[in-house]
Amino acid sequence: MTYDISMTQASPAQDAYIPRNAIDHMNPFFHKSHSHSHTHSHAHKEFLQTPVPRRPSVQIDASVRPSAPSPADSTLSTASTAVSYTTPPATPPLAQTPTKSIADAVAWCTARARIPTPDGSEYFLHIYENIKDKKEHLAFVFGDAIRSQSLDRVQWNETELDRVKRGAYTGRLRNTVSENEQAAHEANTPSAYSTGSDEQSALPSSPLVRIHSECFTGEIGHSARCDCGEQLDEAIRLMKEAGSGVVVYLRQEGRGIGLGEKIKAYNLQDLGYDTVMANLMLNHGADERTYEVAQAILEDLGLDQIRLLTNNPDKIEQVEKDSEIKVVERVPMMPKSWEAIVQGTEADFVVREGAVQDKIVKGKELDRYLKVKVERMRHMISIPTTMA
Ligand SMILES: Nc1nc2c(ncn2[C@@H]2O[C@H](COP(=O)(O)OP(=O)(O)OP(=O)(O)O)[C@@H](O)[C@H]2O)c(=O)[nH]1
């Protein structure tokens with residue numbers, strides 16, 4: 001007896017939504033040196049329109065069917081069990097109707113996983129690839145209703161376990177390895193792996209969104225030059241509280257100039273130049289960031305009406321530009337130390353020294369940085385009257 005692991009007939013819907021990265025790996029004419037840069041994107045689209053060769057049907061002899069995995073080797077043995085399915089894998093319904101074909105997508109989700117946090121709450125971290133750069137941009141997704149369309153698309157010839165590995169499941173994964181290893185793996189049904197149903201929960205109307213740019217110094221390096229770490233923490237806190245929301249985390253360090261250049265800018269700032277002038281003196285723009293990837297991520301997550309956490313008018317304009325996305329409300333991000341000044345609670349304002357988690361910042365350098373953002377970068381926060 002033989003086991004056929006190929007899909008006998010891929011449906012038209014499956015053909016239409018083969019993600020770009022899946023094609024990259026299975027097409028023999030696709031070279032590793034291919035880049036997702038601007039210059040190649042046209043060729044890439046043309047390539048995507050060409051028919052993808054079918055993988056030949058593989059015949060497996062029943063006598064070599066892998067035995068049940070051993071607990072000590074669960075990863076490897078699970079993978080090998082995956083090729084021994086007798087029927088094509090179940091294909092869960094798409095969570096949302098795709099709005100764009102994959103060939104037109106600027107960014108697409110390659111993986112997602114649950115991240116538990118110390119207070120017992122959790123979110124799903126989504127990893128995005130894109131055609132603009134080679135960086136992995138991220139989305140922290142709070143709540144179960146917001147789903148990535150590109151991640152949920154059915155890929156060619158994938159098993160249910162392949163989908164689980166990518167994070168394309170609903171609900172939560174069950175620890176099937178320790179529960180009933182063999183039964184779970186051989187059943188090859190979504191319920192064997194996850195506790196979710198295929199029903200899509202309703203999207204929250206106008207969810208909270210933060211489009212946040214990477215800041216190593218402020219988020220990891222305990223820097224009190226900026227409020228970036230504090231803002232990220234506050235956005236996450238608000239989304240946990242609301243039970244839904246998305247932080248789009250863009251790898252645009254230093255307003256797009258990169259960490260090395262930002263560090264040079266800090267030396268110029270120590271000489272007295274402000275954050276805008278320092279960038280210009282290094283032959284950079286004051287702000288070199290772009291938001292097409294953020295737009296693509298929000299579209300992929302099905303979010304077109306958002307409440308955006310920001311003080312930056314440029315972000316609002318950029319995210320709405322040439323897109324269906326509408327910022328229905330701007331939610332301001334008041335720096336904690338300025339909020340304390342305005343509320344007269346400055347005396348109680350405590351910065352936990354050396355704390356990595358609680359990244360509340362204050363100080364003269366921060367005040368100067370924030371004032372320049374208001375005065376030279378149109379940021380919409382009021383400078384406390386005592387400082388003006
Ligand atoms: N070049 C430069 N970049 C900085 C400096 N301080 C912080 N940054 C970067 O500025 C960016 C801050 O981005 P966001 O947190 O998205 O905030 P924003 O655009 O200022 O606007 P908000 O949405 O109101 O917070 C990050 O990429 C930081 O790395 C600096 O002094 N010089």
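A residue is called buried when its relative accessible area is under 20%, exposed when it is over 50%, and partly exposed in between (1.4 Å probe, protein chains only). The model shown in these views is predicted, so local features need pLDDT of at least 70 and side-chain atom pairs count only at pLDDT 80 or more, whereas totals for chains, interfaces and linings use all residues. Residues are numbered from 1 along each chain as its sequence is written, and side-chain values use heavy atoms, with hydrogens and water left out.

Most residues other than glycine have a negative phi. Asn157 belongs to the loop between helix H5 (149-152) and helix H6 (160-166); helices (H or I, at least four residues) and strands (E, at least two) are DSSP runs, numbered from the N terminus. With a relative accessible area of 15%, Asn157 is buried. His222 is partly exposed, at a relative accessible area of 44%.

**View B. Tyr123, Phe140, Phe142 and Tyr249 form one aromatic cluster****.**
Rings of Phe, Tyr and Trp (its six-membered ring) pair if their centres lie within 6.5 Å; planes under 30 degrees apart count as stacked, over 60 as edge-to-face and the rest as tilted. By this rule there are 4 aromatic pairs. In one of them, the ring centres of Tyr123 and Phe142 are 5.3 Å apart and the planes lie at 35°, so this pair is tilted. Because Tyr123 lies in strand S4 (residues 122-130) and Phe142 in strand S5 (residues 137-142), the pair ties together parts that are 19 residues apart in sequence. Both Tyr123 and Phe142 are buried. The rings of Phe140 and Tyr249 are also tilted, because their centres are 6.3 Å apart and their planes are at 50°. Phe140 lies in strand S5 and Tyr249 in strand S7 (residues 245-250), so this pair ties together parts that are 109 residues apart in sequence. Phe140 and Tyr249 are both buried.

**View C. Cys228 takes part in no disulfide****.**
A disulfide is a pair of cysteine sulfur atoms within 2.5 Å, and a search of the whole structure finds 0 of them. For Cys228, the nearest cysteine sulfur is that of Cys226, 3.6 Å away. Cys228 is buried, at 11% relative accessibility. Cys109 is buried as well, with a relative accessible area of 4%.

**View D. Helix H13 (residues 292-300) is mostly covered****.**
How many of the 9 residues of helix H13 are buried? The count is 7, and the buried residues include Val293, Ala294, Ile297 and Leu298. Gln295 and Asp300 are also among them. Just after H13, Gly302 takes a positive phi of about 75°.

**View E. Residues 198-332 carry a domain annotation in UniProt****.**
The unreviewed UniProt entry places the feature "domain: GTP cyclohydrolase II" at these residues; such annotations may be inferred rather than shown by experiment. Over residues 198-332 the chain is 41% helix and 17% strand. The end C-alpha atoms of this stretch are 36 Å apart.
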